[in-house]
2 protein chains.
Amino acid sequence: MTAQGVILGTIHGVGLGPGAADLMSVRADRLIRGARHVAYFRKAGAQGQARRIVDGMLAGDATEHPMEYPVTTEIPLSDPRYNAALAAFYADCAARLTALAQAGHDVVVLCEGDPFFYGSFMHLYTRLNGGVPVQVVPGITGMSGAWTATGQPITWGDDVLTIAMGTMPEDELTRRIRDTDALVVMKIGRNLPKLRRAVAAAGRTDQAWLVEYAQMPGQQVRPLAQADAVAPYFSILLIHGQGRRP
Amino acid sequence: MTAQGVILGTIHGVGLGPGAADLMSVRADRLIRGARHVAYFRKAGAQGQARRIVDGMLAGDATEHPMEYPVTTEIPLSDPRYNAALAAFYADCAARLTALAQAGHDVVVLCEGDPFFYGSFMHLYTRLNGGVPVQVVPGITGMSGAWTATGQPITWGDDVLTIAMGTMPEDELTRRIRDTDALVVMKIGRNLPKLRRAVAAAGRTDQAWLVEYAQMPGQQVRPLAQADAVAPYFSILLIHGQGRRP
């Protein structure tokens, strides 16, 4: 309760899963359909993938709170202005959500995949947590959607699975790809040529798959060797483990 | 269609998620409630965790097909009889499911977590695939349930996440724990003392959490240093990444 006697609302960080609406959890589905306030990140001017997944699910009287990224690719990651702009943005979003909760409103924040796995919601979570009640609903990760799309299990028995980002330096990627049974690489996009060289240097090109838009319209599953030169943002590279099996 | 003109049924490998019934996907929920034939693995004499999760969800006229493991811990993993007994068991289960599909029945196979992530269903899948139609529904992994329970994101920015099994040799575990940002270890049980030594040797005891029965009744989240000497089968060790964040 606040000093004014209002019962605080709860901020729900809700995992939507990899993309198909019926791959979100029953708990997520119920929260989203019942929500009076729905917030989500998007690039300025775009609908955004999170909002697209819940198309047709929101109540007629739900209020939407788009949170539009101030920068995406215009400023390089290494520029200190990138971090400063994002930090100010997340602080502003957290303040908006806090104001809603303090006015007694529950808010559902839509999160692609799983909120605590490389997600943007985490940047709000650390700023909200402690101030107002926050609940997190886990989701099916994009990588689960991707390996399911390949029709092959990702790990068997005692396989080691390494999850790495395409943004890593090439020699470090090569070392990691050599030193694991199963592999998932995310954040590929324009890093694909570098990633391709790293997979080749590790001698594993013939085991690698590229999945684009897993569990979304336009899903594509291809051996890495047959993939295009550029990958969309929603791309995941996989190498399946071949561990112990009776 | 079979030679007899019967339309083949489909075997659905359905991920149940980490344990709470409302953390399964909407698709899984719908398939399970509508199923006329439901199969699941269990230890002989036990109800089994998969069957427990769907308690109260099955149709009154659903036929249940428990598949009881012939061995669990009585024969050591290294004994060739262990593999032989399991291989015969999976072949027998696959034959039973194939017979149902050939008679025109759809069958839902209940799978804890995600079917393609260290799951038993994979051993049926490789034996069924090609013979009868098989569909896989991904699920929220047990590890997502565990990191959500800790109230801390598992990975940020460009963190590397390593997923390893507690069954690995101690020096190999130590090396992997040293060489990663974020860590998940599963299959702990009686490997806990060894795992504890490996975490200590890597100098990361103060960063490690043990989650028991994530998203199930009896959930416990504790720093590894405060955990008991023995961990139940449903235990997951986590070290959260501390990567880049604005």
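**Figure 1. Aromatic pairs in the predicted model.** Rings of Phe, Tyr and Trp (its six-membered ring) are paired when their centres lie within 6.5 Å, and a pair is stacked with planes under 30 degrees apart, edge-to-face over 60 and tilted for the rest. Over all chains, the search of the whole structure finds 20 aromatic pairs. One of them joins Phe116(A) and Tyr125(A) edge-to-face, at 4.9 Å centre to centre and 75° between the planes. Phe116(A) is buried, with a relative accessible area of 0%, and Tyr125(A) is buried at 8% (buried is under 20% relative accessible area, exposed over 50%, partly exposed in between; 1.4 Å probe, protein chains only). This is a predicted model, in which local features need pLDDT of at least 70 and side-chain atom pairs count only at pLDDT 80 or more, while totals for chains, interfaces and linings use all residues; side-chain values use heavy atoms, with hydrogens and water left out. Residues are numbered from 1 along each chain as its sequence is written, and chains are lettered from A and ligands numbered from 1 in the order in which they are written.

**Figure 2. A stacked pair between Phe117(A) and Trp147(B)****.** The ring centres of Phe117(A) and Trp147(B) are 5.6 Å apart and their planes are at 10°, so the pair counts as stacked. Phe117(A) lies in the loop between strand E4 (107-111) and helix H4 (121-128) of chain A, and Trp147(B) in helix H5 (residues 142-150) of chain B, so the pair joins two chains. Helices (H or I, at least four residues) and strands (E, at least two) are DSSP runs numbered from the N terminus. Both Phe117(A) and Trp147(B) are buried. Within chain A, ring pairs also link Phe41(A), Tyr69(A), Phe89(A) and Tyr90(A) into a cluster.

**Figure 3. The parallel sheet of chain A****.** Five strands in the order E3-E2-E4-E1-E5 form an open sheet with parallel pairing; two strands pair if DSSP finds at least two bridges between them. Strand E3 (63-69) and strand E5 (134-137) of chain A are at the edges with a single partner strand each, so one side of each has no neighbour in the sheet. From one strand to the next, the twist averages 25° (axes are lines fitted to C-alpha atoms, for helices over the stretch in contact, and angles run from 0 to 180 degrees between N-to-C directions). Strand E1 (residues 11-15) of chain A is joined to E5(A) by four bridges, and the two run parallel. Gly13(A) stands opposite Val136(A) in E5(A). Helix H1 (residues 26-34) of chain A packs on the sheet and touches E1, E4 and E5 of chain A, its direction making about 130° with that of E1(A); contact means heavy atoms within 4.5 Å.

**Figure 4. Salt bridges within and between chains.** Arg27(A) and Asp22(B) form one of 2.8 Å, N to O. This pair crosses between chains, from helix H1 of chain A to the loop between strand E1 (11-15) and helix H1 (26-34) of chain B. Arg27(A) is partly exposed at 23% relative accessibility. Arg222(A) and Asp228(A) form a salt bridge of 3.5 Å, N to O; Arg222(A) is buried at 17%, whereas Asp228(A) is partly exposed at 42%. A network of salt bridges links Glu172(A), Arg175(A), Arg176(A) and Asp179(B).

Methods. Salt bridge = Lys/Arg side-chain N within 4 Å of Asp/Glu carboxyl O.
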